[in-house]
Amino acid sequence: MSRNYGFLTVLAGLSALAVIAVAAVWRYPNTSDVTAVITAAGTVIGTVVGAFFGVNAASAGRVKAEESRDQATAALVKVATKADEDSEVAKAAMEGVR
């Protein structure tokens with residue numbers, strides 16, 4: 001994901017919760033009913049927003065791990081090319097790349 005949608009996700013969640021709260025206050029005369037509706041909606045919205053951030057963080061971690069792996073592979077190939085072909089270092093390095 002090239003853009004960061006975190007702010008928009010939080011804004012959408014809070015906006016939806018505000019609309020639900022206004023609708024619940026307008027629809028239900030009892031305070032406990034309004035509280036139940038807002039709590040239920042807040043739980044669902046909070047779970048969805050939290051899942052978004054969890055997936056986003058995991059994706060960023062995966063990208064960073066792949067970059068580190070690519071750098072390590074490049075360093076290993078560099079070591080293998082500088083060593084003698086018959087040396088144990090070159091053989092071990094080439095085994096690590098495969």
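A salt bridge here is a side-chain nitrogen of Lys or Arg within 4 Å of a carboxyl oxygen of Asp or Glu. In this predicted model, 2 salt bridges are found.

**Figure 1. Salt bridge between E66 and R62.** The side chains of E66 and R62 meet with an N to O distance of 3.3 Å. Both residues belong to helix α2, which covers residues 31-82. E66 and R62 are 4 residues apart, about one turn of the helix. The relative accessible area of E66 is 32%, so E66 is partly exposed. R62 is also partly exposed, with a value of 45%.

**Figure 2. Salt bridge between R69 and D70.** The N to O distance between the side chains of R69 and D70 is 3.3 Å. R69 has a relative accessible area of 49% and therefore counts as partly exposed; exposed would require over 50%. D70, at 46% relative accessibility, is partly exposed.

**Figure 3. Aromatic pair of F52 and F53.** A pair of aromatic rings is described by the distance of the centres and the angle of the planes. The count for the structure is 1 aromatic pair. This pair joins F52 and F53, with 5.3 Å centre to centre and 75° between the planes. Planes over 60 degrees apart count as edge-to-face, and the pair of F52 and F53 is therefore edge-to-face. The relative accessibility of F53 is 37%, so F53 is partly exposed.

Terms used. Residues are numbered from 1 along each chain as its sequence is written. This is a predicted model: local features need pLDDT of at least 70, side-chain atom pairs count only at pLDDT 80 or more; totals for chains, interfaces and linings use all residues. Side-chain values use heavy atoms; hydrogens and water are left out. Rings of Phe, Tyr and Trp (its six-membered ring) pair if their centres lie within 6.5 Å; planes under 30 degrees apart count as stacked, over 60 as edge-to-face and the rest as tilted. Buried means under 20% relative accessible area, exposed over 50%, partly exposed in between (1.4 Å probe, protein chains only). Helices (H or I, at least four residues) and strands (E, at least two) are DSSP runs, numbered from the N terminus.
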